[in-house]
Amino acid sequence: EQETAVGKRKADRRANIIADMNRDAARLVLKDTRYRSPFGDGGTSKDKTTTAQDLCSLAFQVMQNPEFRKIVASREYSGTVRQADGQQRTQLWENSNQLLALGQGFDGIKTGVTRSAGSCLLSRGRDSEGRVFIIVVLGSDSTKARFADTRNLFDWASRMSGMGGKR
């Protein structure tokens, strides 16, 4: 009986987290985003969790926050975490975004791998002319490929922007 009650409380917390995520998506006007899991995955090939357009919009919005920009641009970040028992501890996060180490104007945002979307990267970079680009890569074959795909798209966008969109 007690195990059933604990399981129900966990399921209720999970449902509340997902509901909060969906409310946030609606508030941010992410029209094609519907969370089914606290980890962001959970959709199917026919009923996706989000779109590249919504992720780009989300990236633009969150990068307006100076503290968020500082964290995602850091190769390491240390912060205080409050544990379930109320105790606090220091946690060190290491950023897995390999583009930050290149010194080519990239300043974040999020790496990820999901069952349905493959290896993904949401990033922002500034080219040599100061133009800012948000790049969304979904479904790369590997971690290495997502970084190569992002660099290639960034270079292409920078070239196209510099040409006024002419080829």
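## Thr33

Thr33 is buried (under 20% relative accessible area, where over 50% is exposed and in between is partly exposed; 1.4 Å probe, protein chains only), with a relative accessible area of 11%. This is a predicted model: local features need pLDDT of at least 70, side-chain atom pairs count only at pLDDT 80 or more, and totals for chains, interfaces and linings use all residues. Residues are numbered from 1 along each chain as its sequence is written, and side-chain values use heavy atoms, with hydrogens and water left out.

Thr33 is found in the loop between helix H1 (2-27) and H2; helices (H or I, at least four residues) and strands (E, at least two) are DSSP runs numbered from the N terminus. Setting aside residues up to four places away in sequence, Thr33 touches Asn22, Ala25, Thr49, Thr50 and Asp54, contact being heavy atoms within 4.5 Å. With the side chain of Asp54, the Thr33 side chain makes a polar contact at 2.7 Å (N or O atoms within 3.5 Å, one able to donate a hydrogen and the other to accept it within protein; residues adjacent in sequence count only if both atoms are side-chain atoms).

## Sheet

Three strands form an open sheet in the order E3-E4-E5, with antiparallel pairing (at least two DSSP bridges between two strands). Strands E3 (106-114) and E5 (132-140) stand at the edges with a single partner strand each, so one side of each lacks a neighbour in the sheet.

Strand E4 (residues 118-126) is joined to E5 by seven bridges, and Leu122 stands opposite Val136 in E5.

## Helix packing

Helix H2 (residues 52-62) packs on the sheet and touches E3, E4 and E5; its direction makes about 140° with that of E5 (axes are lines fitted to C-alpha atoms, for helices over the stretch in contact; angles run from 0 to 180 degrees between N-to-C directions). Helix H3 (residues 66-73) also packs on the sheet, touching E3 and E4, and its direction makes about 70° with that of E3.
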